[in-house]
Amino acid sequence: MEHFWLIWLVSVLCALCTIPIQSNTIRQHVQLQAAIYSTRTVPPIFVMVAIMIIQSCVFLALATAVGLWLMPSTGLRLWILDHWVSRAELPFSIWSFWAVSIGSGIAVGLLVKWVDRSLFQQHMPKIMGKEPISSRFFGFLSSFYGGVCEEVLMRLGVMTVVVFLAQTIGWIEISYWLGICVTAIVFAVSHLPTNYMTYGKGNVVTVWTLLLNGILGILFGFLYWRYGLEAAIMSHFSADIVLHVIFKNKSRK
């Protein structure tokens with residue numbers, strides 16, 4: 001359970017970065033519900049945001065605790081953190097870590113953006129209301145949540161558990177790839193509610209969400225396996241900067 005407080009506190013701080021985004025999203029949802037159900041009362045927006053942040057903090061604590069508890073049994077590591085804290089020897093150079101982490105994030109961000117524009121954008125429905133990440137600043141803030149919080153939840157939490165269970169029942173040879181693929185699917189599915197609220201339900205939105213997030217999830221899982229959780233975090237952050245800041249699209253009306 002070493003590093004629990006560091007990982008949890010950093011991830012909580014990154015979750016707090018989403019408060020402006022969550023506020024806008026909840027406000028839009030409340031306004032939509034009010035237009036449909038004029039007599040329904042809802043809690044104040046700040047209360048709903050606080051509940052969501054508390055919920056995130058609890059899930060982050062659980063994912064961090066379970067992941068760190070099971071990690072020693074799986075062969076998965078926090079290579080950079082262990083190196084900085086206890087001077088543990090790295091199986092790769094620090095320069096290759098940065099190059100692979102940031103370079104892969106930029107590359108997959110560009111790939112996803114190309115697939116999005118080439119195959120999906122001309123078929124996507126119009127945005128229902130306002131896009132949650134409506135500006136480059138919001139995109140920058142959301143990159144901290146995606147890079148840190150989603151990796152703690154998905155890779156440290158879900159993937160570590162799947163790898164542990166696979167190895168426990170004897171599927172040692174495929175345990176890492178099973179963990180990568182299962183977690184990529186969970187990661188992709190977790191984005192469906194937000195995208196359905198933004199674009200509405202439909203086959204195009206579903207395939208768009210699952211395919212693009214699945215590509216990202218497979219890369220981040222592979223990096224967690226080969227270079228440690230820190231590499232997955234840096235790659236995810238870099239990919240989000242490419243997608244939500246550098247190539248941020250204007251909202252389509």
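This is a predicted model: local features need pLDDT of at least 70, side-chain atom pairs count only at pLDDT 80 or more; totals for chains, interfaces and linings use all residues.
**Helix 6 and its partners**

Start with helix 6, which spans residues 136–168.

| Helix pair | Axis separation | Angle | Crossing |
|---|---|---|---|
| Helix 3 (residues 45–74) and helix 6 (residues 136–168) | 8 Å apart | about 40 degrees | left-handed |
| Helix 6 and helix 10 (residues 229–246) | within 8 Å | roughly 150 degrees | right-handed |

Take helix 3 and helix 6. Their axes make an angle of about 40 degrees. Angles under 35 degrees count as roughly parallel, and 65 to 115 as roughly perpendicular. Helix 3 and helix 6 are therefore oblique to each other. Which residues of helix 3 and helix 6 meet? From helix 3 come Phe59, Leu60, Ala63, Thr64, Val66, Gly67, Leu68, Leu70, Met71, Ser73 and Thr74. From helix 6 come Cys149, Val152, Leu153, Leu156, Gly157, Thr160, Val161, Val163, Phe164 and Gln167. Sorted by kind, the residues of this contact are 14 nonpolar, 7 polar and no charged.

Now take helix 6 and helix 10. Their axes cross at roughly 150 degrees. An angle over 145 degrees counts as roughly antiparallel, so helix 6 and helix 10 are roughly antiparallel to each other. How many residues of this contact are charged? There are 5 charged residues, along with 11 nonpolar and 7 polar.

**Aromatic rings**

The structure holds 15 aromatic pairs. One of them joins Phe140 and Phe144, with ring centres 5.1 Å apart. Their planes stand at 90 degrees, and the pair is edge-to-face. Planes over 60 degrees apart count that way. Both residues belong to helix 6. Phe140 and Phe144 are 4 residues apart there, so about one helical turn separates them.

Are these two residues buried, exposed or partly exposed? Phe140 has 35% relative accessibility, so Phe140 counts as partly exposed. Phe144 has 26%, so Phe144 is partly exposed as well. The range for that label lies between 20% and 50%.

Other rings gather in a group. Trp79, Phe92, Phe97, Trp98 and Tyr227 form one aromatic cluster.

**A loop residue**

Where is Lys201? Lys201 sits in the loop between helix 8 (192–199) and helix 9 (203–227). Its relative accessible area is 73%, so Lys201 is exposed. Compare its position with that of Thr183. Lys201 and Thr183 are 18 residues apart in sequence. In space, 23 Å lies between the C-alpha atoms of Lys201 and Thr183.

Technical notes:
Residues are numbered from 1 along each chain as its sequence is written. Side-chain values use heavy atoms; hydrogens and water are left out. Axes are lines fitted to C-alpha atoms, for helices over the stretch in contact, and angles run from 0 to 180 degrees between N-to-C directions. Helices (H or I, at least four residues) and strands (E, at least two) are DSSP runs, numbered from the N terminus. A crossing is left-handed if the near helix is turned anticlockwise from the far one by less than a right angle, and right-handed if clockwise. Contact means heavy atoms within 4.5 Å. Ala, Val, Leu, Ile, Met, Phe, Trp, Tyr, Cys and Pro count as nonpolar, Asp, Glu, Lys and Arg as charged, and the others, Gly among them, as polar. Rings of Phe, Tyr and Trp (its six-membered ring) pair if their centres lie within 6.5 Å; planes under 30 degrees apart count as stacked, over 60 as edge-to-face and the rest as tilted. Buried means under 20% relative accessible area, exposed over 50%, partly exposed in between (1.4 Å probe, protein chains only).
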